[in-house]
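Thanks for coming. I'll go through one structure, a few elements at a time, starting once it is on the screen.

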Amino acid sequence: MSQSTVPSDTADAKSAKAEAKRRRRTAKAEERAAARRQRRRERTAARTGDPVEATAPGAEQPAPTGLRALRDRIGELWSSRVHPVLDVISPIGWAVLGAAAFCWIAGLWLHVTELNVIALVLTVPLVIAALFVLGRANYRVVLDLQTHRVVVGTRAVGRVEVANPSTRDILPSRIELAVGSATAQFMVPRLKPEATHEELFAVPTKRRAVLVVGPVRSVRDDPLSLMRRQVTWAKEQELYVHPRTVRLDEAASGFLRDLEGTPSSDLSSSDIAFHALRDYSPGDDRRHVHWRTTARTGKLMVRQFEETRRSHVVVALDNLAEHYASEDEFELAVSAAASISAQTMREEKELTPFTFDERQRTGSPRQLMDDYTVVEQLSEQIGFHELGQKAADLAPNASAVMMIVGSHTTARELNAAANQLPIGVMAVAIRCVDDAEVRRSAIGSLDVVTLGDLETLARALRSVGR
């Protein structure tokens, strides 16, 4: 058993996200294709007058006939027999094969001995390469990740177990494990029947990303790389690299706490937050009669209360690319938003986290961090006031709105977003600037805190509570 480290570029966020996007696009394309087939069946049924039934996913399709059956048969033969054979030849191999074929034809047709010699010289390596890729290995491969979710900076450890389930020895071979855009290679020694070989690997996680680990393939090729035969044994798995977060103590988040809840402008005859005294009206609960005032004034007086509501925190993450000076600055903003959201969930407050284009799920901490993992910067031109408008639409009864923005977000834009919020909502803007000191300022009723490092987030929030 040995241990290997996957190349460092496996943590490249852009390539990993592109791979995840490609898979999602493929799934959506399949859904659209199924919908188009269903619509065609409906149109055909409408012309012929025959009834049509919706086909559920996975349901058996009627057997095709005629030209369609022939086309499907040819496609199946191509994908199962012809394409795997042609796919063995590499681009270099195709070039050598084409040159050899041309020399053979020209040499035999024109009776040029030199061309025949060149053709023979080119053919010999092709024959030797074919001998290298001949044969069939029967492996049993297990790809096992220790965990499918890690935090940025934490190594993800996994193992690849290769077993020989056959009754004969298997010659040494090379195993390739794809991780994002990089590939790790393991050499598997000669395996006797029922023998196993295990390789441990570690994936460095330098940036927030969704890494695609796998598939695991066995590879046979020749020294000149003319032919390459690979067989997939284990499918790919997704590894979520969550943003780095910090735990906020009660002092840091205490400004959101209120024993009586957050008072609203609605008056009630029964609640916790006392508002005023008023004259008794028929139907009022006598338990709320203020007897001391009644004795002094000579008429019944009852207590009136303000309705309270449970603390509701909105975390609005600005993900417009033009508002951030660097990629690291945006990652700091994502980590700050994720930290505040996680603390809000731990305190069992109502939470509404969102960006310009997505709303993060709050069903569980895992779902929340998964959604923050796939947050991307937008290159679109969007008015910043829409961030405040979206907060007002999603949570009209919010008690606090936390806007996490970049260093290029202007005071005018912040003020425009704050003006969209309901009256009485406590609004805080956390402005992320690389290596800046914690500072507090104000734009009207909006508190603005400058954050330069994630470790100072708790101190920045405590400054708001003062």
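Look just after helix α7, where Glu348 takes a positive phi of about 60 degrees. Before going on, some housekeeping: this is a predicted model, in which local features need pLDDT of at least 70 and side-chain atom pairs count only at pLDDT 80 or more, while totals for chains, interfaces and linings use all residues. Residues are numbered from 1 along each chain as its sequence is written, and side-chain values use heavy atoms, with hydrogens and water left out.

Back to α7. This helix covers residues 327-346, which is 20 residues, and reaches 29 Å from its first C-alpha to its last, close to the 28 Å expected at 1.5 Å a residue. That expected span is 1.5 Å times one less than the number of residues. Helices here are DSSP runs of H or I with at least four residues, strands are runs of E with at least two, and both are numbered from the N terminus. In α7, 16 of the 20 residues are buried, so the helix is largely enclosed by the rest of the structure. Buried means under 20% relative accessible area, exposed over 50%, and partly exposed in between, with a 1.4 Å probe and protein chains only.

Buried residues make up 40% of its 466 residues.

Next, strand β16, residues 400-406. Seven of its seven residues are buried, so β16 too is largely enclosed by the rest of the structure. Ala400, Met402, Ile404 and Gly406 point one way, and Val401, Met403 and Val405 the other. In a regular strand the side chains alternate between the two faces of the sheet.

What does β16 pair with? Strand β14, residues 312-317, pairs with β16 in the parallel sense over five bridges, and Leu317 has Ile404 as its bridge partner. Strand β17, residues 426-432, also pairs with β16 in the parallel sense, over seven bridges. There, Met403 stands opposite Ala429. Two strands count as paired if DSSP finds at least two bridges between them.

Last, Lys192, in the loop between β6 (182-188) and β7 (196-203). Is Lys192 buried or exposed? Exposed, with a relative accessible area of 58%. Leaving aside neighbours within four places in sequence, Lys192 is in contact (heavy atoms within 4.5 Å) with Asn164 and Asp169. Lys192 and Asn164 are 28 residues apart in sequence, and 6.8 Å apart in space, C-alpha to C-alpha.
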